[in-house]
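Thanks for coming, everyone. Let me walk you through one structure. Please look at the picture while I talk.

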Amino acid sequence: MRPKMMKSVCLVVVLFAFISKSSSQTRSIIQNPQPNPNFNVNSTNQQNAQTCSFTVDISTSCSSVKYTRDEISISFGDAYGNQVYAPRIDDPSTKTFEQCSSDTFEIYGPCTYQICYLYLYRSGYDGWKPESVDVYGYNTRAVSFYYNIWVPADTWYGFDYCSGYSASSHNQIGSITILSCLILFISILWF
């Protein structure tokens with residue numbers, strides 16, 4: 001085998017090993033909702049922010065209480081600080097959040113990029129067990145957050161996957177590294 005060909009074969013083997021290792025790494029994400037006592041509703045007045053409409057579907061578990069009189073609030077947003085907040089989405093007179101039911105809300109707030117966090121806040125004594133929360137918006141893909149667990153009282157409780165969006169920059173770095181290796185490989189073959 002010629003030395004140039006041997007270098008090429010070795011480079012292909014190393015490149016294949018590198019790509020295999022990169023693609024086999026998994027990202028750790030929180031599967032269950034978590035309390036976030038440090039979560040704050042964004043109180044800054046976003047006068048210049050464009051207002052968008054979001055549809056939020058909340059399914060209540062069949063193992064929840066028959067109905068709840070608790071006060072339920074919701075907040076969700078993106079990795080860039082755009083936050084939508086809706087206080088008191090509950091309405092006991094209309095039997096919102098009954099056992100085995102689904103409730104749909106039209107919520108208005110600042111436009112967001114991809115929604116990557118969602119928190120629920122419950123205040124009261126009845127208890128409430130949501131099954132899932134689905135959010136649909138104009139500039140964002142639909143996203144689902146699966147609870148199926150009792151929401152504790154007086155704390156924001158939910159999911160924050162926004163760190164995964166900053167992890168996409170790591171994926172871009174990995175792509176650049178692979179691209180650099182491919183360019184190196186091609187240059188070795190040509191010269």
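Which residue in strand 8 is the bridge partner of S132? The partner is Y146. Keep in mind that this is a predicted model.

Let's stay with that region. Strand 7 and strand 8 pair in the antiparallel sense, over four bridges. Strand 7 also pairs with strand 2. That pairing is antiparallel too, and it runs over seven bridges. For a landmark, take V56: its bridge partner in strand 7 is V135.

Now go across to strand 5, residues 102–110. Strand 2 and strand 5 pair in the antiparallel sense over nine bridges. Here you can find T51, whose bridge partner in strand 5 is P110.

You get an open sheet of four strands, in the order 5-2-7-8, with antiparallel pairing. Which strands sit at the edges? Strand 5 and strand 8, because each pairs on one side only. Neighbouring strands of this sheet are turned by 20° against each other on average, ignoring direction.

Is strand 2 largely enclosed or largely open? Count its residues: seven of the 10 are buried, so strand 2 is largely enclosed by the rest of the structure. One general point about strands. In a regular strand, side chains alternate between the two faces of the sheet.

Next, charges. How many salt bridges are there? The count is four. Start with R69 and D126. Their closest N and O atoms are 2.8 Å apart. R69 lies in the loop between strand 2 and strand 3, and D126 in the loop between strand 6 and strand 7, so the pair ties together parts that are 57 residues apart in sequence. Is R69 buried or exposed? It has 53% relative accessibility, so R69 counts as exposed. D126 has a relative accessible area of 22%, which makes it partly exposed.

The second pair is R122 with D70. Here the closest N and O atoms are 2.6 Å apart. This pair also links distant parts of the chain: R122 is in strand 6, D70 is in the loop between strand 2 and strand 3, and they are 52 residues apart. Both ends are buried. R122 has a relative accessible area of 7%, and D70 has 2%. The cut-off for buried is under 20%, so each residue passes.

Then comes D90 with R88, at 2.7 Å between the closest N and O atoms. D90 is buried, at 8%. R88 is partly exposed, at 43%.

Last topic, aromatic rings. The count comes to 15 aromatic pairs. Take Y121 and W156. Their ring centres are 5.2 Å apart and their planes are at 50°, so the pair is tilted. Y121 is in strand 6 and W156 in strand 9, 35 residues apart, so this pair links distant parts of the chain. Y121 counts as partly exposed at 23% relative accessibility, while W156 counts as buried at 10%.

Another tilted pair is F159 and Y161, with centres 5.8 Å apart and planes at 35°. F159 is buried, at 2%. Y161 is partly exposed, at 26%.

Finally, which residues do ring pairs link into a cluster? They are F39, Y85, Y117, Y119, Y121 and W156.

Conventions
Residues numbered from 1 in each chain as written. Predicted model: local features only at pLDDT ≥ 70, side-chain atom pairs only at ≥ 80, totals over all residues. Heavy atoms only, no water. Salt bridge = Lys/Arg side-chain N within 4 Å of Asp/Glu carboxyl O. Helix = DSSP H or I, 4+ residues; strand = E, 2+ residues; numbered from the N terminus. Buried < 20%, exposed > 50% of the residue type's maximum accessible area, 1.4 Å probe, protein only. Pairing = 2+ DSSP bridges. Axes fitted to C-alpha atoms, helices over the stretch in contact; angles between N-to-C directions. Phe/Tyr/Trp six-rings, centres within 6.5 Å; stacked < 30°, edge-to-face > 60°.
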